[in-house]
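Work through the exercises below with the sequence and the structure in view. Each task is followed by its solution.

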There are 2 protein chains.
Amino acid sequence: MKILLIGASGTLGKAVAAELGARHEIVRASRKGADVQVDIAKVDSIRAMFAQVGRVDAVACAAGKVVFAPLSELSQDQFAVGLNDKLMGQVSLVLLGQAQVRDGGSFTLISGVLSRDPIRAGASASMVNGAIDAFVRSAALELPRGLRINSVSPTLFEESAAAYGPFFRGFKPVPVAHAALAFSRSIEGAQTGQTYIVE
Amino acid sequence: MKILLIGASGTLGKAVAAELGARHEIVRASRKGADVQVDIAKVDSIRAMFAQVGRVDAVACAAGKVVFAPLSELSQDQFAVGLNDKLMGQVSLVLLGQAQVRDGGSFTLISGVLSRDPIRAGASASMVNGAIDAFVRSAALELPRGLRINSVSPTLFEESAAAYGPFFRGFKPVPVAHAALAFSRSIEGAQTGQTYIVE
C-alpha cells in the first residue's frame with residue numbers, strides 16, 4: 001500500500017511510520033521537514049498536497065492543534081483553533097482526499113481520550129475529539145467505492161508524559177506504539193465507522 | 001426559578017415552556033416574535049440578550065441550525081453553519097452566560113441522536129451533536145459556583161416526523177414532551193456533565 005501520513009514528524013506520526021513502514025510505502029507529510037509540506041488548517045494546502053502525492057491507498061492523520069486553557073479563559077478564537085485545525089483540518093482531508101484514495105482504501109483520523117474522560121483546561125479538546133469520533137461514524141455510511149474511515153482515540157502517551165503529565169494526573173499512559181497498532185488495525189483491517197480506543 | 005429559554009418558538013421550545021412554565025418564570029428568546037430576540041450564531045446578539053434579561057437561574061437552549069446534505073456535497077461553508085450556530089452558538093451561551101446565572105444554576109444544551117446513530121446526509125449534525133455532548137462533560141468540571149451543565153439528546157419527535165421522517169426511516173419517534181421532561185430533569189435535578197438520551 002501507499003500510505004499518506006500527515007503529522008509524520010510528531011511522536012505519534014513517527015510511531016505510525018515505524019509500525020507500517022516495514023510493509024508499506026509511507027509518504028510523510030507535515031508542517032515542515034517531511035516529504036510533503038502541509039498545513040491541514042488550510043484547504044489550499046491540503047489540495048496542493050494531494051496534487052503532489054497523487055493516488056494513495058490510505059490517508060492517516062496524526063496531526064491536529066487544539067488550545068488547552070481554563071474554561072473561564074478560553075476565547076472564541078481559541079476554540080476556533082481546534083475547530084479549524086484538528087477538526088475541520090481532518091474533515092477536509094476526507095472531503096478533498098476521497099478522489100485520491102483508491103477503491104477500498106481508508107482514512108484514519110486522530111481524536112483522543114478527552115471526549116470520554118475530561119480534564120481541566122480541556123474543554124476545546126473534548127469538544128473536538130467528540131466531534132471527530134461522531135463524524136467518523138456518520139461519514140462511514142456515505143463514503144463511496146468501499147472507502148473506509150475510522151478514528152484512533154488514545155490516552156496520554158508514555159513518550160509525552162513529561163510534557164503533558166501534569167494535565168493528566170492519574171491517567172495511566174500507554175506506549176505510543178500501541179496507538180500505532182490501532183492505525184494498523186484501521187488501515188490493514190476491514191472495519192469502518194469505528195473509534196479505536198487506546199488506553 | 002427564572003429560566004431563559006432560547007429557541008422558545010420551535011416545536012421543542014414550546015414543549016419545554018409548557019413543561020416548566022407552570023412552576024417557573026420563563027423568559028422566551030428566539031430569532032423573532034418572542035420576549036427577547038437572539039441569534040445564537042452572533043456573539044453580540046447573545047451579549048445583548050443577557051444584558052436585557054439580567055440574572056437568571058437557568059439557561060436552556062432548544063435552538064441550533066445544521067445543514068443536512070450528502071457527504072459528497074457538503075461544503076466547508078455548510079459545515080461552518082453547524083459549527084457556528086448549533087455548536088459555538090450554544091458554547092457561547094455558556095461562556096457569556098456564566099456571569100448571569102445565579103449560584104447553583106444550570107445550562108441545558110440540545111444535541112441529538114445522530115452522534116450515536118448516524119444517517120445519510122447527517123455528517124454535519126453527527127459531528128456537532130458529538131461535540132456538544134463532549135463539551136458538556138468537560139465544561140461540567142470547570143464551571144464555578146456550583147453551576148451545572150447537561151445536554152438533552154433526543155431522537156426524532158412525533159411532532160416532526162412528517163417533515164423529517166424520510167431522513168429517519170425506521171427510527172421510532174418520541175413525543176416532544178419526553179424531551180421537555182429531560183430539560184426538567186437537567187434544570188430541576190442536581191446532576192451535571194450528563195447527556196440525557198431521549199428515545
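Predicted model: local features only at pLDDT ≥ 70, side-chain atom pairs only at ≥ 80, totals over all residues.

**Exercise 1.** Work out through which surface the copies meet.

Solution. Of the interface residues of chain A, 100% are also interface residues in chain B, so the copies meet through the same surface.

Residues are numbered from 1 along each chain as its sequence is written, chains are lettered from A in the order in which they are written, and side-chain values use heavy atoms, without hydrogens and water.

**Exercise 2.** Find which face of helix 2 of chain A is buried.

Solution. Helices are DSSP runs of H or I, at least four residues, and strands are runs of E, at least two. Helix 2 of chain A covers residues 43–53, and Ser45(A), Ile46(A), Met49(A), Phe50(A) and Val53(A) are buried (under 20% relative accessible area; exposed is over 50%, partly exposed in between; 1.4 Å probe, protein chains only). Seen down the helix axis, these buried residues fall within an arc of 135°, so they line one face. The face turned away from the buried side carries the exposed residues Asp44(A), Ala51(A) and Gln52(A). Just after helix 2 of chain A, Gly54(A) has a positive phi of about 75°.

Conventions:
Contact = heavy atoms within 4.5 Å. Arc of directions from axis to C-beta.
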